[in-house]
There are 2 protein chains.
Amino acid sequence: MDMEAGKRPATDPEIYQRLWNAIAERQISPGTRLKEEQLSEIFSASRARIRQVLQNLAHDGLITLVPNRGAFVSKPSIEEARDVFFARRTIEERLVERLCVTIDAAGIGKLRDHVEEERKAHAHADVASAIRLSGAFHLMIAELAQSQILTDLLRDLISRTSLIMAMYQQKDVHNCRPGRTQCDRRLHRCLDAKQALAVMHHHLAHIENQLDLETDRVATHDLEDILGF
Amino acid sequence: MDMEAGKRPATDPEIYQRLWNAIAERQISPGTRLKEEQLSEIFSASRARIRQVLQNLAHDGLITLVPNRGAFVSKPSIEEARDVFFARRTIEERLVERLCVTIDAAGIGKLRDHVEEERKAHAHADVASAIRLSGAFHLMIAELAQSQILTDLLRDLISRTSLIMAMYQQKDVHNCRPGRTQCDRRLHRCLDAKQALAVMHHHLAHIENQLDLETDRVATHDLEDILGF
DNA sequence: AATCATCAGATTGTCAACAATGTTTGTCGA
DNA sequence: TCGACAAACATTGTTGACAATCTGATGATT
């Protein structure tokens, strides 16, 4: 099969999403270099479009652009990691606070369904799904809290968190592994503002405390395998 | 003078900053269309680079990119406006909270100097400077609070605030006009966390309440005059 | 053997021409 | 006069080629 270059055009948002997922779900290790031409071939897109997508990813902090050198999956430092969690606490606590006041039955239903889905992923040891769903849960809270801006900001922070965990995680496979404890508690007590807030605070602090601030594991895999169609 | 096209190359960050300032300082009205070729001539840069800069500005929410139509200075809706203030309260209250704990003499000195500068601008009725300095003050708080991420986020939010005020402002020329009251109080009581937090909350709420949620004034001026060298 | 200059290869940065799309203007017919 | 259609124009989107830059290797020199 030598005609692999002309598989499908692949739109810009697709490319972005694909890379975003691959990084956030830790299929690409921090530090990995992303060559424009390489991606250009994988997605059958011109370098210019790849370049634009990389620009966006860089703005989200997922990759780092070094002038004349290229794009690398970001390797957040300890300080940056702590900063990400600080920002997440800031944003998510406020969101939970607001959500507790405004949430309705439909919203609670959605959260419940999601927790159920997450539980299933854990049961099947579906790590990739579990990671994605865990982030999605936090994001859902943001969306239900009706702040487009904070939702967007949080989306980036969650993906960065994923990166951070890829670098500094000690043992847990998943930032919400005790899903039925943390997530459920947060959910069930969602009608009492103060408690929900405290739970969210504790939840994020818990994740942060699990981190191992030492190793710099680097393991580059073949991008074609990960991103290819 | 027909050789106006070859004035100077103008680097990417310069272009970005120039446009950012022009929009944030309200020299360009919301809704104004920014044509690539037009900017390309003004800055003596190729369209490709202009395009990249526009991409970044769009990511910051300062301009809106409509596919196949071009870039327009954003016209935030009432809902978006409220959301911006919600996000600012979220971020800035937390920053002030932290700053109160960590600030040192040098930091206080910086803030004091800045307030003084701001006072001068007001005294000279230097509106452009006043707007810029007011934003810079809030930003300085963020920087002193040592959170790179929240600082970056706040920078965008402040510029968007400027846009919002350009659209919905009733009377005041400036979001911190009673500079010697609000800003100073916030500064002087900076050693007591609870109070400073309350002051910041009140300050932002005050700005938000000054808005006029009705008119959609559109006044497009000549970009060449505003941006030209 | 170690250090530094130089050169080839690879990769990113820039550009200008071309294609696709959207907008306006002008024309025709009712 | 008004509306619909069509052509001309203006603007954005895309591409491939070329220039600038960095990396790593080679080899000369001390």
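Predicted model: local features only at pLDDT ≥ 70, side-chain atom pairs only at ≥ 80, totals over all residues.
Residues are numbered from 1 along each chain as its sequence is written, and chains are lettered from A in the order in which they are written. Local features need pLDDT of at least 70, side-chain atom pairs count only at pLDDT 80 or more, totals for chains, interfaces and linings use all residues, and side-chain values use heavy atoms, with hydrogens and water left out.

Helices (H or I, at least four residues) and strands (E, at least two) are DSSP runs, numbered from the N terminus; two strands pair if DSSP finds at least two bridges between them. In chain A, an open sheet of 3 strands has the order β1-β3-β2, with antiparallel pairing. The edges are held by β1 (33–34) and β2 (63–66) of chain A, each with a single partner strand, so one side of each has no neighbour in the sheet. Between β1(A) and β3 (residues 70–73) of chain A, which run antiparallel, there are 2 bridges; R33(A) has F72(A) in β3(A) as its bridge partner. Helix α3 (residues 47–59) of chain A lies across β1, β2 and β3 of chain A and runs at about 115° to β2(A). The angle is taken between N-to-C directions, from 0 to 180 degrees, with axes as lines fitted to C-alpha atoms, for helices over the stretch in contact.

In chain B, strands β2 (residues 63–66) and β3 (residues 70–73) form an antiparallel pair over 4 bridges. V66(B) is opposite G70(B) in β3(B). The hairpin of these strands has 3 residues between them, and N68(B) takes a positive phi near 65°.

Contact (heavy atoms within 4.5 Å) between the chains takes 26 residues from chain B and 26 residues from chain A. The two chains bury about 2100 Å² between them, 59% of it on carbon and sulfur atoms; buried area is the accessible area (1.4 Å probe) that two parts lose on being put together, summed over both. On the side of chain B, F86(B), R94(B) and I149(B) lose the most area to chain A, together 30% of what that side buries.

The interface holds 2 salt bridges (a side-chain nitrogen of Lys or Arg within 4 Å of a carboxyl oxygen of Asp or Glu). E93(A) and R94(B) meet through their side chains in a salt bridge, at 3.1 Å from N to O. Elements giving two or more residues to the side of chain B that touches chain A are α3 (47–59), α4 (78–102) and α7 (148–168) of chain B. Of these, α4(B) gives the most, with 12 residues.
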